[in-house]
Every structure is written in C-alpha cells, then in structure tokens.
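Here are my notes on the model you sent over. Have the coordinates open while you read, and skip to whichever point you need.

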Amino acid sequence: MEEKGKKKVFLLLLVMFSTFQGCFSAASQLSSKIKSTQSKTANSIGSTAVFPITGNVYPLGYYSVSLKIGNPPKLFDLDIDTGSDLTWVQCDAPCKGCTKPRNALYNPKNNLVPCKHPVCSAIHSSGNHQCESPTDQCDYEVEYADHGSSVGVLVIDQFPLRLTNGSVLGPRLTFGCGYDQSNPGPNQPPPTAGVLGLGVGKASIMSQLHSLGLTRNVLGHCLSGRGGGYLFLGDDIVPSSGIAWTPMSSSSLEKHYSSGPAELFYGGKTTGIKGLQTIFDSGSSYTYFNSDAYNTTLNLIRKDLSGKPLQDARDERALPICWKGKKPFKTIRDVRDYFKPLLLKFTKTKNVQLQIPLEAYLIVTERGNVCLGILNGTEVGLGNLNIIGDISLQDKMVIYDNEKQRIGWVSSNCDRLPNVDRDYNEDFWQPYAADFGIIEDNYPAIAEEINKPIKRKSSESEL
C-alpha cells in the first residue's frame, strides 16, 4: 500500500472463510437461567464501561485499548476496530505469525469453544457448513480487505470490567486465539496483541455484552487529535442533546456502521458529488473516497494551490500526496491559508452534517510537509464505498447506537474520561460482583468438551 505509518489500510469488510468447521445452535437451547439473568442484569447492573485509548493517526497510525482477560487478569493491547466483528489476541500456541514475546501471548487453559457454540455459528459467512462433530474445536480464519489475516481457534474467558455505576463484573466472552497472523503489506503491523472487534455482528464483544444484559447495544469512541482518547461500551455517558444523528443504512452494508447518501462540499460549496455511501471505521487510520470523490477533491485542492508557495513533495513517504513550503511546517495552523474545509451533508436527515476541518483530512509529517489524509478507495478494492477513518473522526464523540439504528457525533474534548470516578482506572482489586459464565451454567454438554489441546488447521500454510 502507498500509505505509511499505518497499521493497515483498514480492518474492514470482515470475510470469514469456509475452511473451518461449525454448526448452528438454535436459540431455544439457551436455558431459562440465562434468560432470567439477562432480565435481571438489564435492570439492576446494566451500565457503561469506559476505557482509555492510546495512539494517534500520525506517526503511529492506530488507536488501541488495554483490556484485561482471564482470571487472574492479564493486560492485552488491542486495536479498536468498528469495521470488523471478531476479537482476537495472539495465542501461545505453535505459531507462524506471532511477534510478541511468549509472556505477552494469551495462554488458553482448557477453554476452547466447540463447534456447537452459538458464536461459532455466528462467524460463518453462510449456513451450509456442517460439523463433523459438534464437539470439535471451532477454528476461524479471517481476512481483511488489506489482505492481512488471522487464523486460530475460538476460546472463552473472563473479561474483568468495572462499570460507571460501580459494578465490577467478570463476564465470560468468546474471542479468537490467533496462532497464524499475516501482514502482506509494506508496513510493519502495530505492536499490539490483536484486534478488538466492535462491529454489528453477533460475534462482536459489544453484541455479547448486550446479549448477557450487561449493557445497552450502544458504543462509541472519542479520538483525540493530540493522541489518546477513550472508548465506551453502553450509553450512560452519551449526551442528551447536541448530537448530530443520521440513520444507519439498511442496504447491503448493514454488516458495517454505514450511512448515506451524503453530498460532498469543499470550502462551503458543493463539489457536485452526491449519493456517497459511507462506512464509519475506527480500524482505518485515514479516510477513503471512491475515485470520483477523490479525484474531484484533489483537483479542487490543486486548483486552490495554484499560484501559492507550495510544491509537490515527491520524496515524502508518509502518504501519496504531499506538499512542501519554503520552510518546514510545524502544525496544521501553518497551512490554514492554503486549504479549505470539507463537509459531508447527509441528505436523508435534514441539516445533518459531518464537518471535516483541515486537521481532519491533513497531517504534517516529521519532515515538515503537509499531506492529504484522504486516499483513493477504488484503487485499493473498495469500489464505490467511502470510509470515514480515524483522521476525520478526531475530537468528536462518535456514537454507534445499534438499538435505534443510528450513528451520531458531537464535537468533544477527548483528552479526559467523562463522568468517571477518580479511582475508575485503578487495578481490579475487588472480587467480581458477578461471573456470567454461559458455558458452565448454560451449556453443560459444551463444558464437558472444552478440555482439549489446540489442533492447528492443516491449511494454514496456504494463506
């Protein structure tokens, strides 16, 4: 890829291959106990979990969150990705693509998820795959649009959570233990332990927490342009007013946080580009426009720069399109006289606009050049889709409301955790208030089959 300093093009368009075994488990198999647990927790415990974020768009190229997994808990740094469902961590197993030292890997302990588990069924791209045996381990293979991939096995373990209402929980959630990771792009992968999948599918961590009745099916993030920010699961900290809401698309993009159509403006004037379908994706460092929108935007920018003291910086490697001035730039403030803001107007909802100021589509590099943080999505296989990436989501609280099927945003100070007790981020010294262990309590037949060693897939060398 032409993009540098970036963890990947984006973690988007999650493709689950059919090389692993699985079978569907009917919802009727859930016991009455978990139903009563959901009802109880939704009313008495349901709240919001808030996590500090580290990282930046440039030069790191990713935002990540540290989550504790297991009992006793162990910290894992995960890329936050609203563009995919499956959460996975690097696995302490015979491994081809693991770059972490052994003490930073996840160590499965008799907690493999069998083929009959509902989350195993959920990660199938179609329903025509049958289990050779319902008790076989649930293998997974996931490939992302930048051709990066992860192969591994599903496991289940505790995720210690402290909620904003003071509850301390240890829900058992299903995720991937990845033993083969591939990163064919020119850039090194980020030094994280895996991916936190926050998409709309049933396998996502958000969906699992909601199914247990612990939170409302609402999540969001606030990415600071100065680096860092916070992630939240639940709706307790969502402002009651001031948010620009637009409906989620009900089209074929429904597996992603998509919205549209939108009209593109530059410098307060329409570009003539309308009907843009957009996907909000925290797994993408930069924003991607389809060829028409990209070329139109670039041509308007270059027309504006005509006669101004900027030249193409062809030796800059941070991004494909960069400019240099008479002297190195230090911040975006130094180029305010040369560029104009962008804007997306969502035509299905009156007066709903996504402001894209200069700092939301430009970066200043370590060399002091200014670069366009919008890339041509058609060239990387996105077709006519458009990705709103981290660069354009900075300094906004962005909310993904799956319950009301809408996406919202509001300008915000992302440098402080909101409405959180002063000791919220201390270590989890308290005993768990609840352990929602769905395997032991509600799937006794499954519990008998999880005490098996990991078996590597025979096809991993074909990646």
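Is Asp315 buried, partly exposed or exposed? Asp315 counts as partly exposed, at 42% relative accessibility; the cut-offs are under 20% relative accessible area for buried, over 50% for exposed, and partly exposed in between, with a 1.4 Å probe and protein chains only.

1. Ground rules. This is a predicted model, where local features need pLDDT of at least 70 and side-chain atom pairs count only at pLDDT 80 or more, while totals for chains, interfaces and linings use all residues. Residues are numbered from 1 along each chain as its sequence is written, and side-chain values use heavy atoms, with hydrogens and water left out.

2. Overall picture. The chain has seven helices and 28 strands (DSSP runs numbered from the N terminus: H or I with at least four residues for helices, E with at least two for strands). Of its 463 residues, 57% count as buried. Among contacts (heavy atoms within 4.5 Å) with a separation of 6 or more, 73% come from residues 24 or more positions apart.

3. The cores. A nonpolar core here is a set of buried Ala, Val, Leu, Ile, Met, Phe, Trp, Tyr and Cys residues joined through side-chain atoms within 4.5 Å. The largest one has 95 residues, and Trp323, Phe339, Tyr361 and Leu372 touch the most other members. Helix H4 (residues 291–305) gives the most to this core, with five residues. A second, separate core has 14 residues, including Leu86, Cys120, Ile123 and Val195.

4. Tyr361 up close. Leaving out residues up to four places away in sequence, Tyr361 touches a list that includes Tyr266, Ile301, Phe339, Lys340, Leu372 and Ile391.

5. Four strands form an open sheet in the order E19-E20-E24-E23, with antiparallel pairing (two strands pair if DSSP finds at least two bridges between them). Its edges are E19 (311–312) and E23 (362–364), each pairing on one side only. E19 and E20 (residues 322–324) pair over two bridges, and Asp312 stands opposite Trp323 in E20.

6. Salt bridges. The structure holds 10 of them, counted when a side-chain nitrogen of Lys or Arg is within 4 Å of a carboxyl oxygen of Asp or Glu. Asp395 and Arg226 meet at 3.3 Å, N to O. Asp395 lies in the loop between H5 (390–393) and E27 (396–401) and Arg226 in the loop between E12 (218–223) and E13 (229–233), so the pair ties together parts 169 residues apart in sequence. Asp395 is partly exposed at 22%, whereas Arg226 is exposed at 58%.

7. Two further pairs. Lys340 and Asp304 meet at 3.4 Å, N to O, with Lys340 in the loop between E20 and E21 (342–346) and Asp304 in helix H4, 36 residues apart. Arg367 and Asp315 meet at 3.6 Å, N to O. Arg367 sits in the loop between E23 and E24 (370–372) and Asp315 in the loop between E19 and E20, 52 residues apart. Arg367 is partly exposed, at 48%. There is also a salt-bridge network linking Arg216, Asp235 and Glu403.

8. Glu141, in strand E6 (residues 139–143), counts as buried because its relative accessibility is 9%. Its C-alpha atom is 9.5 Å from that of Ile123, 18 residues away along the chain.
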